[in-house]
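Try each task before you read its solution.

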Amino acid sequence: MQPSQVINSDDILLKLCRSVSQVLSTTTASHISHAGMVQRIGQTRLRPDLGCFSIFDGGFSGLVVINFSADAAMEIYRRYLLSMGMPEDELAIKYTSDEVANVMGELMNQMLGNFINHVSKELQTSISQSQPKMLTINRELTLSIEANLDEPVTRRVSFRTENNHIFYLEFAMDNTEFIGLASVEVEEEMDPDDILAMHAGNASHSGDVTEDLFDKLGI
C-alpha cells in the first residue's frame, strides 16, 4: 500500500464488481461486464426473478445482493454447466428449478470468496461471509437484514451477460476508509523454493565449518 493512499467504500465496491465479472466470465467461458456508472440507492432489495444475498463481517461489515432476471440466470446457469461438460439434455429448463438456485448460489459463493481474498490482502484485514441464500421470487421484496452497519453506503451496479441479459448487484457497507501509513509495509510473500534453497545453503555452510573444526582437532 502506498503512503497516504485512501481506499473508501466505492473503491471496495469496484473491487467487488471486478470479482463478480472475473469469476462469472471464467466459470461460464463468456464475457460478463459491469457498467461504468454506479447508482446511489436508499435501500437494498430482493427483486424478481432470482435474488441472492450474503452478509460479510470483520474489518468492515456489509451486505451483498445480486438480483438475476430469469433470462440472465438461465444463461449463466447453462453456460456454467456446459463448460464443465454437463450434457445439455440434463440441464434444467426453468429458472424456478432448485438446481438453478443451487448453481447460482455456488457461483455467488465463488464471487464473494474471490472478493474477500483480494480485499483481505490489499487492506490487511480479516473478513468472513455468511453462506449465500438464493430465493426465487415473483414480486419485489424489501430486504431488511441486521448487518450492524455504521452509516451505511448503499449502491447499485448493473451487469450484462454475453447475450445482453441484465442483472444487478446491490451493495451496502460501513461508511469507512482505509488509509495507508508510511511506516507500515506489506510483508512480501516468500517463495517456498527460495526458503528451501536458503536452508540448503545454510546446511552446506554448517557442514564446511564442521569439517574445518575436525581438521584443526586432527580428527
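**Exercise 1: The surroundings of C17**

Find the residues that C17 touches, leaving out those up to four places away in sequence.

Solution. Contact means heavy atoms within 4.5 Å. By that rule, C17 touches H34, V157 and F159. Now place C17 itself: it lies in helix α1, residues 9-28. Helices here are DSSP runs of H or I with at least four residues, numbered from the N terminus. Next, look at A35, 18 residues along the chain from C17. Their C-alpha atoms are separated by 9.3 Å.

This is a predicted model, so local features need pLDDT of at least 70 and side-chain atom pairs pLDDT 80 or more, while totals for chains, interfaces and linings use all residues. Residues are numbered from 1 along each chain as its sequence is written, and side-chain values use heavy atoms, without hydrogens and water.

**Exercise 2: Two cysteines**

Decide whether C17 and C52 are buried or exposed.

Solution. Buried means under 20% relative accessible area, exposed over 50%, and partly exposed in between (1.4 Å probe, protein chains only). C17 has 2% relative accessibility, so C17 is buried. C52 has 0%, so C52 is buried.

Then count the disulfides. The rule asks for a pair of cysteine sulfur atoms within 2.5 Å. The count is zero.

**Exercise 3: Crossing helices**

Describe how α2 (residues 70-83) and α3 (residues 98-123) cross.

Solution. Their axes, lines fitted to C-alpha atoms over the stretch in contact, come within 10 Å. The crossing angle is roughly 80 degrees, on a scale from 0 to 180 degrees between N-to-C directions. Angles of 65 to 115 degrees count as roughly perpendicular, under 35 as roughly parallel, over 145 as roughly antiparallel and the rest as oblique. Therefore α2 is roughly perpendicular to α3.

Notes: Helix = DSSP H or I, 4+ residues; strand = E, 2+ residues; numbered from the N terminus.
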